[in-house]
Each structure stands twice: as C-alpha cells, then as structure tokens.
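Hi,

Here is the structure I promised to pass on.

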Amino acid sequence: MNNLAPVREQTGIRHFIDLRDLDASTLRAIIDVGASVKRMQSRRKFPLHPKQPLAGRNLGLMLEKPSTRTRISFEVGMGQLGGRTLILSPADMQVGRGESLADTARVLSRFLDALVVRTGDVETLRELTRWSSIPVINGLTPNSHPVQILADIMTFEEHRGPVAGTKWAWVGDGNNVATSLIEGAVRFDFSLDLATPPSLAPRSEVLDWARREGGRIRLFHDPEDAVKNADCVVTDTWTSMSDTDSEERLEALRPFQVSKHLMSQAASGALFMHCLPAHVGEEVSSEVFESAASVVFDEAENRLHAQKGLLLWCLGGKDWASAGLAS
C-alpha cells in the first residue's frame, strides 16, 4: 500500500503520511504535546505560545482541494507557535503549467521548512515526499486523512478519558477517514467495528494490515451490529470530494444514517463524531447532530491543537516535546 517507507527510512525526515508509519509512542506523544500546549495557552487566556518555538519557520500549504478546517487550523496553529504559512495553489504555480512534481519538491525544499499536501491524487503526495528534503504532512488524500484522527483521539480523551480499551463504531462509507481510523485503532489500542454497504467497505489491504498488527477490527453490513455498546460512533458525509454523487451510492448508504434510534444501541454516554462538513439529514439526523452526545465542534477545534503537536514533532528538533511544557 505504501511505497514511501523506504524513502523515509533513508532520509530520516519526519514526514507524516499515515498513522501506520509511526509507532504508538510517537503518536501518543504528538497528541499529548498538542494537549499540553492547548492547556498552557488556555491558562494564559492568550493563544500565542510564550516561547514561540517555531519562530522564523515557514510552512507551505499545497491545497488542490477546497479546505476550511485543514487550511485554517494549520495557518492559525503555525502562527500561534511563531511560524508563518504560505498558501500554494497548484493552479498558481509552475506545476500547474507542467513543471514536474520532483522539481517542485526540490525547489520548495529550498524555501520552506515543511509542506502540507491536500490532494485528490495519492501519487502526487508520494512524488512530492519522495523528492522533498523537508517534512511533508498528509493533509488528506483519497486514501487517508490521518490528521483528522489525531483530533478525534484528543477529543474523545477530553470527554471520556483514555481511549485505550474502549470500543468505537464507524457507520457509512469505508472511505479515507475510515481508513485512518482503522490505523488509529491499532496504534491507540481501541477496538473498532465498522458497518458499511458491501460495495463501500474499506480497502482490504488496510483491514489485512490491521489484522496482522493484532488490531481488534470487525466489519459488518448492519449498522446496529457495529454500534452495539460502542463508546463513540463516527460517520462522514456520504459524498466525499472524490466521489460521484450517484443515486445508487446514496441508496446503498441510506440504511446507515446515524439516527437517534441507532445511537440508543450504543453504550450509555456514547459520543458522536463527524469530521465535517456534515450533510445533516443524510448521514446523520438533526437530533443526533445537535444532541448532547455530539462533540463535532470540539473535534473541529482540536484539529488546531493536535496539529500543533504534529508541527512541533516535525519541526521542533530533538527537544520538540519540551515545547509543551513551557510555562
């Protein structure tokens, strides 16, 4: 599945491509540092990190797709840590007029300190990473969305304590977010039951990887089977940016709406999560989306805080974790 690992091993650069690439302790530290910085800044009631650990550092945001949460959370997070960001629209760069991705990566590596890539083509991310001498962060591809899962773990733990040993349920399309959630379940040691239509199941290679890693992952096609006794129920829009909005697809997903009845099958006090944007009335009912169980806007906010932990890991050097302890 992932052809980047040899490149990363050779270079030693701290790329962040998929959760499976990092060990559990590193991922745990990224979230813990992000949470620590969040608490520190909250105590000060002032969003800027007092030591500005990324002062003078520049982050490029190469965004092929529209973005609200990814763009703004990286821009604001980098600014709070003292750095700055540049929005890089491929249409406004020479890559949009035929310059190779290899040359683009080598040039950007001379100007920037890290690069976030949000693309509809996995090969674009792979090629940029292969040729980059600065950290590359996966801001979303059709295959995965790992930064979202960092925020989801942080959010769950803020509301319910340690995630290890809990049970989560995914309901709907087995898409890129579901793939990263599977990887997150393995790395953070919680069980995950997924319910998808047979035609929209997660890619078999990620399920096979999870099972080889000892993950407690099960696949169902009835949402009540997956949600039963879950501590957290997660879904996503039925039509992602790379999908064609076919009636056949929507018809297959209609039984998978997260409704009040479906949430009643989950554990008492179960949370509801959604990475947004939501199509309320399709994948989730208004009753659930607006309920006390819904923590979707905490999730959105925590994109900012979890990614500050990630930026410090990528750019903060060997003492990166100490940035979360500054008072």
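To start: is Asp-189 buried, partly exposed or exposed? Asp-189 is partly exposed, because its relative accessible area is 41%, and the scale here is buried under 20%, exposed over 50% and partly exposed in between (1.4 Å probe, protein chains only).

Before the rest, some housekeeping. This is a predicted model, where local features need pLDDT of at least 70 and side-chain atom pairs count only at pLDDT 80 or more, while totals for chains, interfaces and linings use all residues. Residues are numbered from 1 along each chain as its sequence is written, and side-chain values use heavy atoms, with hydrogens and water left out.

Back to Asp-189: you'll find it in the loop between α7 and β6 (191-195). Helices (H or I, at least four residues) and strands (E, at least two) are DSSP runs, numbered from the N terminus. Asp-189 isn't a glycine, yet its phi is positive, near 65 degrees. Gln-52 is also a non-glycine with a positive phi, about 45 degrees. Gln-52 sits in the loop between α2 (24-44) and β1 and is partly exposed at 27% relative accessible area.

Now for strand β1 (residues 58-63). Six of its six residues are buried, so β1 is largely enclosed by the rest of the structure. In a regular strand, side chains alternate between the two faces of the sheet. In β1 both faces are covered: Asn-58, Gly-60 and Met-62 are buried on one side, and Leu-59, Leu-61 and Leu-63 on the other.

What does β1 pair with? Pairing takes at least two DSSP bridges between two strands. β1 runs parallel to β2 (residues 84-88), with five bridges, and Asn-58 stands opposite Arg-84. β1 is also parallel to β3 (residues 114-118), again over five bridges, and there Gly-60 has Leu-115 as its bridge partner.

Next, the annotation. An unreviewed UniProt entry puts a "binding site" feature at Asn-176, Asp-236, Ser-240 and Met-241; such annotations may be inferred rather than shown by experiment. Asn-176 belongs to helix α7 (residues 176-188) and is buried, at 9% relative accessible area. Beyond its neighbours within four places in sequence, Asn-176 is in contact (heavy atoms within 4.5 Å) with residues including Leu-140, Pro-142 and His-145. Ser-240 is in the loop between β8 (232-235) and α10 (247-253), and counts as buried at 16%.

One last thing to look up: the peptide bond from Leu-276 to Pro-277 is cis, with omega near 5 degrees.

Cheers
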